[in-house]
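Reader: I would like to learn how to read the overall fold and the aromatic pairs of a protein model. Could you take me through them in order?

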Amino acid sequence: TEALEAYAEEALELYAQALSAPGTPGQKVKRLLKLPASRLAASDYQSSCPAGTVSLDLDADLESVRGTVEHFFARMIELIATHLGLRDRRRARSFAGLLMTTIEGAYIRGRAEHSTAAFDEAAPWLSELADRIARE
């Protein structure tokens, strides 16, 4: 739990820096997805999100760990939603949840494929969608 909390603080700070830079929602999405893709590639496809990794094997007796992972995901979703600047708060949170799901899934594919292709494929689509939602 302590290790996950330390990771969460570090990750939230890195993502906050990327998201707080100026740009359109689409540009922010591209920067957001570039961070985990770069982390994955730099580790020779061995490192992913510890919170996501741990959550794949949570047993009922690890409720405190599950709570820590849930809290990290919730904070990430809130961070993303806040920085995208979308007018509709409900849609912003929903879209941020989609981005978190994309990051976690792309990490899994990336480790299996030894590639950042999942991040690279998702970035232009989700960037375009973010800009379209922002115009609505």
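Author: We begin with the fold and then turn to the aromatic rings. Please keep in mind that this is a predicted model.

Reader: Which helices and strands does the protein chain have, and in what pattern?

Author: The protein chain has 6 helices and 0 strands, and read along the sequence the pattern is α-α-α-α-α-α. The radius of gyration is 15 Å, close to the 14 Å that the globule rule gives for 136 residues, so the chain is as compact as a globular protein of that length. Of these 136 residues, 42% count as buried, and among contacts with a separation of 6 or more, 68% come from residues 24 or more positions apart.

Reader: How is a pair of aromatic rings described?

Author: The distance of the centres and the angle of the planes describe such a pair. This structure holds 3 aromatic pairs. In one of them, the ring centres of Phe72 and Phe73 are 5.8 Å apart and the planes lie at 45°, so the pair is tilted. Ring pairs also link Tyr7, Phe72 and Phe73 into a cluster.

Reader: What is the geometry of the pair Tyr107 and Phe119?

Author: Their centres are 5.6 Å apart and their planes are at 85°, so this pair is edge-to-face. The pair links distant parts of the chain, with Tyr107 in helix H5 and Phe119 in helix H6, 12 residues apart. Tyr107 is buried at 2% relative accessible area, and Phe119 is buried at 2% relative accessibility.

Note on methods: Residues numbered from 1 in each chain as written. Predicted model: local features only at pLDDT ≥ 70, side-chain atom pairs only at ≥ 80, totals over all residues. Heavy atoms only, no water. Helix = DSSP H or I, 4+ residues; strand = E, 2+ residues; numbered from the N terminus. Rg over C-alpha atoms; globule rule 2.2 N^0.38 Å. Buried < 20%, exposed > 50% of the residue type's maximum accessible area, 1.4 Å probe, protein only. Contact = heavy atoms within 4.5 Å. Phe/Tyr/Trp six-rings, centres within 6.5 Å; stacked < 30°, edge-to-face > 60°.
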